[in-house]
Amino acid sequence: MKRLHFVLDHLKGFKLLMVLTIIVTIIYAGLNLTASLVFSYVIDNVIGGSAISNPLTHMVNTIVGGIDNVKSHFWILAILLIGIYILVAVFMSFRQRQQGVVAENLVETIRNDLYDHIQQLPYKFHVSTNTGELIQKCTSDVDMIRRFFSGQLCEIFYILSTAIIALIVLYMINAKLALFASISLPIIFVYSYLFFKKVQQQFLLSDQAEAIMTTKIQESLSGIRVVKAFNREKYEVDRFAQTNQDYVDVTYKMIKTLGGYWSSSYMICLLGILSVVVMGIFAVRNGELSIGNFVVFVTYQTSILYPIRMLGRIMSDYGKVTVSMDRLMDILDRPAEDLVHGSKPNMQGDIIFDHVKFNYGDDHFDVLKDISFQIHNGQTIAIIGPTGAGKSTLMYLLTRLYDPTGGTITINGVDITNINKKYLRENVGIVLQEPFLFSRTIESNLRIVNPTASEEEMVNATSIAAVHDVITSFERGYSTIVGEKGVTLSGGQKQRVAIARTLIKDTPILIFDDSLSAVDTETDEKIRHAIHSMEHKKTMIIITQRVSSAKDCDWIVVIEDGLITQQGTHDQLIVQDGLYQRINAIQSKVEEGDHHE
Ligand code: ADP
């Protein structure tokens, strides 16, 4: 029922066309069966000279104007048959075309909805979801649904209407033989159904193996630099070969099962037809069946049994379709992030972390244990600490990618869990540690954040980020296309473009998540000073591992293992026994060494 709703919801304006296509399919099935009746009429009544006994043959007789008329104008029969075949062709073409239109529109809507919804799902979903699996859902699962609706659904209606119409006609001709003929139908159908049950699991395994393979390809290609740098090509190739082999193994098993099904079901169909031929011959000999009707029996039995066998294939595909639909519904049913509700307070105010606690999941340890500190409006503070201490997590909480599991964070006195998420993110600019640039021009990468930014605003941002000169030195300037993940730019250049991108929005709060470390100390200082001289005063949070980036901040917070172990100004911390002093000592030595060289 849920699946039906899923389809109906996505059919939108094409429901009527879908119904029309099904009706046309049923008429087409009926028309396809009429030619045999004409042949039976010719054999029994025109050539054989027997009296007309069944109402359907009577109908054919009326259309052609009686037996005598046909005998003297044999071409009438030819015209009738050609007419039937033309109608069959017209209906067939209509059906093919319209079912294609319905399917394409259906999957277009599904694809758009899915993409839209994935974009709106919380960050938590994205970090916990395998990208390869997600890509597979968006492509092959949608394609599976497209294939089903572009042919197989109408095929089900075609097969069922053919079977029903044919059986009714056969019952009208000879009820006893018709009953006998229909025995093989449930056998082949149940056989198909059981097969469908069996393969569903195998299809699932094959899809999972394919997803693992896709992920592996994606992972090793996006990490190609690491692979090359560490000479891991052979290792990667071997690992891929193994997943490829796993995929082939499950697929091969599936093919074997399918092969077994086709041959055995073919045998069952042949036996079904043969039994009707044998019984039919006896009936003809006993005078219970005319030769013309015998022909109708054999042709109808053939036209029903093979399609019923096809049901097995459709059902097996339906198994895959239901799996695909369920997987897509699983994504679409996940609640999207609420970006519309919540207040929109003035964001130029103090930021207060008050006994903030956080863990990533039920069985996860507390990444943040008890964090309390304040950032006054317009201040620049540094958060310093070892890797894994929880610094980035703190910023995830401030931008509400996650909410604290204990304590509160307030901006200008308002608990951020009550602030409209979209508004909050519009006001908190963040430069991530891993700057991701899209494979587009530098300009469109910059404009992602603010599409209406003027040329002047854009240049202003890139100048502050100390990257304007670099960009203009490129032959195509701002129109330079950044390669996949920005490989044509150096790490520092990429980072500076990412900084400019965040600055274009002119947000009152700015976070640099270890993002200044990719640029040299001098440029880092230049950028920070340039930001300070910007028109609108900003509250800045600089996450860093470098004392040089922290030392002229108004306040420094040292985090170790989810706890604040020190806080104060550089001058205060430098004389305190603790991590800050130790980092400073190490980094000063390194700098001294650099100077001596
Ligand atoms: P830092 O920025 O100080 O290096 P993080 O905030 O990135 O530290 O990480 C703190 C801890 O949280 C680490 O132990 C890390 O493994 C864990 N962690 C970070 N992100 C996730 C996540 N999405 N799911 C589970 N654990 C995470």
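A: Asp403 is partly exposed, at 30% relative accessibility; here buried means under 20% relative accessible area, exposed means over 50%, and partly exposed is in between, with a 1.4 Å probe and protein chains only. This is a predicted model, in which local features need pLDDT of at least 70 and side-chain atom pairs count only at pLDDT 80 or more, while totals for chains, interfaces and linings use all residues. Residues are numbered from 1 along each chain as its sequence is written, and side-chain values use heavy atoms, with hydrogens and water left out.

The partner of Asp403 is Arg400, and their side chains meet in a salt bridge with an N to O distance of 2.8 Å. A salt bridge is counted when a side-chain nitrogen of Lys or Arg is within 4 Å of a carboxyl oxygen of Asp or Glu. The two ends of this pair fall in separate classes: Asp403 is partly exposed, whereas Arg400 is buried, at 9% relative accessibility.

Other salt bridges give some context. A search of the whole structure finds 24 of them. One of these joins Glu426 to Lys422, with the closest N and O atoms 3.3 Å apart. Both residues lie in helix 14 (residues 421–427), four residues apart, which is about one turn of the helix. Helices (H or I, at least four residues) and strands (E, at least two) are DSSP runs, numbered from the N terminus. Glu426 is partly exposed, with a relative accessible area of 39%, and Lys422 is also partly exposed, at 48%.

Asp326 and Arg3 form a salt bridge whose closest N and O atoms are 2.9 Å apart. Asp326 belongs to helix 12 (residues 291–333) and Arg3 to helix 1 (residues 2–11), so the pair ties together parts that are 323 residues apart in sequence. Asp326 has a relative accessible area of 33% and is partly exposed; Arg3, at 31%, is partly exposed as well. Salt bridges also link Glu104, Asp143, Arg146 and Arg147 into a network.

Asn412 has a positive phi of about 55° although it is not a glycine. Asn412 sits in the loop between strand 4 (406–411) and strand 5 (414–415), and is partly exposed at 35% relative accessibility. His355, again not a glycine, has a positive phi of about 45°. His355 is in strand 1 (residues 351–359) and is partly exposed, with a relative accessible area of 46%. Most residues other than glycine have a negative phi.

Next, the domains. An automatic or database domain assignment sets the bounds: domain 1 covers 2–332 and domain 2 covers 351–596. The C-alpha centres of domain 1 and domain 2 lie 57 Å apart. Five residues of domain 1 are in contact with six residues of domain 2, where contact means heavy atoms within 4.5 Å. Domain 1 and domain 2 bury about 490 Å² between them, 58% of it on carbon and sulfur atoms. Of the area that domain 1 buries against domain 2, Tyr123, Lys124 and Arg225 supply 82%, more than any other three residues. Buried area is the accessible area (1.4 Å probe) that two parts lose on being put together, summed over both. Zero salt bridges are found across this interface.

Two places in the helices complete the picture. Leu153 lies in helix 7 (residues 131–173) and is buried, at 16% relative accessibility. Beyond its neighbours within four places in sequence, Leu153 is in contact with Met18 and Phe148.

On the surface, Leu271, Leu274, Val278, Met279 and Phe282 form a nonpolar patch with about 470 Å² of accessible area together. Patches are made of residues with over 30% relative accessible area and no salt bridge, joining like charges within 9 Å and nonpolar side chains (Val, Leu, Ile, Met, Phe, Trp, Tyr) within 5 Å. Accessible areas come from the Shrake-Rupley method with a 1.4 Å probe, and for residues only the protein chains shown count as cover. Phe282 is in helix 11 (residues 233–285) and is partly exposed, with a relative accessible area of 45%.
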